[in-house]
Amino acid sequence: MQFQPILEDIVATLRPELGAQGQVADYIPALARVPAAQFGIALRTCGGEEAQAGDSATPFSIQSISKLFALTLGMRAMGERLWERIGREPSGNPFNSLVQLEAEQGTPRNPFINAGAIAVTDRLVSHGDPKAAMLELVSSLCNEPVHFDEEVAASEAETGFRNIALGNFMKSFGKIDNSVSTVLDAYFHHCAVRMTCQQLARATGFLCRDGRHPFSGEPLLTERQTRRINALMLTCGTYDAAGEFAFRIGLPCKSGVGGGIVAVVPDRLSLCVWSPALDATGNSLLGMHALELFTARTGLSIF
Ligand SMILES: NC(=O)CC[C@H](N)C(=O)O
């Protein structure tokens, strides 16, 4: 299949809608000032073929897409033990919700909501330096150096009252082993990783290759672990819009409030779309639209 003309066509189709609807994340100034009228798309096939269009080389804040890489680090370090304190059910609630945590005694529903990623990060702190591990993993996966946006990380910490509450709440249930501030410093830095669509399309390549590194081919995760990450992306990767994503797009996806969404077609390709304006669930509006166009035009879906 010729992907380059398909991606160019998607960019042309969406151009009139650029910045017309949705809201750029405004909970921190560094994200609030990102111009809404931007859109990028990039993919990389299992065979190494690449295609990209629009603002695919513009770096953005990957935000919750980092939860995917944190989970990968956690699975690598701990295997099955990771699941002792983290569930695998969709939450049906916003990504930063506190309500379920109390009813469920501080055990987060899944690793892709904030509470779940904070719990994963706590486990990573017990095993080493999660900030260094994150940069090492994503840089290796996309074959280029990747950095934190320190301004974003600092504002996340300054205004992260809800995440601080989530961390302390879990700690009160005895579900966080390390100091909440150390765990949150790593979590906020993970949210502040800056990458482009091209880099993310490459970096998520292990998810369509049964866990093998997209460039070296070395096993990063087992086939079974990789299948499980894809299952979690489908059921929990886009928060309380996961049902709508499965219905309209039919691919495992992970989104972030920076406006990025990564998607996986197992055994075929990994792709990333980015547009900063979000819908009420915190998912990129045009990103979702673009993925819908992509699956409609290519016929690719896991169903
Ligand atoms: N959905 C997201 O991308 C949320 C990430 C954001 N930094 C937060 O912690 O709330």
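Predicted model: local features only at pLDDT ≥ 70, side-chain atom pairs only at ≥ 80, totals over all residues.

Trainee: Why is Ser 64 called buried?

Mentor: Ser 64 has 26 C-beta neighbours inside 10 Å. The label buried asks for 20 or more. Therefore Ser 64 counts as buried.

Trainee: Where is Ser 64 found, and what is it in contact with?

Mentor: Ser 64 sits in the loop between strand S4 (60-61) and helix H3 (66-78). Leaving aside neighbours within four places in sequence, Ser 64 is in contact with Phe 95, Ser 255, Gly 256 and Val 257.

Trainee: What makes Tyr 239 buried or exposed?

Mentor: Its count of C-beta neighbours inside 10 Å, which is 24. The cut-off for buried is 20 or more, so Tyr 239 counts as buried. Tyr 239 lies in the loop between helix H11 (223-236) and helix H12 (242-248). Beyond four places in sequence, Tyr 239 is in contact with Pro 94, Phe 95, Ile 113, Thr 281 and Gly 282.

Trainee: What does the record say about these residues?

Mentor: An unreviewed UniProt entry carries the annotation "binding site". The annotation covers Ser 64, Asn 114, Glu 156, Asn 163, Tyr 187, Tyr 239 and Val 257.

Trainee: Which residues surround the ligand in the model?

Mentor: Gln 63, Ser 64, Phe 95, Asn 96, Asn 114, Glu 156, Asn 163, Cys 191, Gly 256, Val 257 and Gly 282. By class, this shell has three nonpolar, seven polar and one charged residues.

Trainee: How far apart are the C-alpha centres of domain 1 and domain 2?

Mentor: The centres lie 20 Å apart. The contact takes 33 residues from domain 1 and 32 residues from domain 2.

Trainee: Which elements give two or more residues to the side of domain 1 that touches domain 2?

Mentor: Helix H2 (29-32), strand S6 (193-195), H10, H11, strand S7 (253-255) and S8. H11 gives the largest share, five residues. The residues on this side of domain 1 divide into 20 nonpolar, nine polar and four charged.

Trainee: S8 includes Gly 260. Why is Gly 260 called buried?

Mentor: Gly 260 has 26 C-beta neighbours inside 10 Å. Against a cut-off of 20 or more, Gly 260 therefore counts as buried. Not counting residues up to four places away in sequence, Gly 260 touches Phe 60, Ile 62, Ile 65, Leu 200, Ser 255, Cys 272, Trp 274 and Ser 284.

Trainee: Why is Asp 267 called exposed?

Mentor: Asp 267 has 9 other C-beta atoms within 10 Å. Exposed means 12 or fewer, so Asp 267 is exposed. Asp 267 is in the loop between strand S8 (260-265) and strand S9 (269-274). Its phi is positive, about 65°, although Asp 267 is not a glycine.

Trainee: What makes Asp 210 partly exposed?

Mentor: The count for Asp 210 is 18 C-beta neighbours inside 10 Å. Buried needs 20 or more, and exposed needs 12 or fewer. The count falls in between, so Asp 210 is partly exposed. Asp 210 is in the loop between helix H10 (197-203) and H11. Asp 210 has a positive phi of about 55°, and it is not a glycine.

Terms used. Residues numbered from 1 in each chain as written. Near = placed C-beta within 6 Å. Nonpolar A, V, L, I, M, F, W, Y, C, P; charged D, E, K, R; others polar. UniProt positions renumbered as here; feature names shortened; annotations may be inferred. Helix = DSSP H or I, 4+ residues; strand = E, 2+ residues; numbered from the N terminus. Contact = placed C-beta atoms within 7 Å. Domains from an automatic or database assignment.
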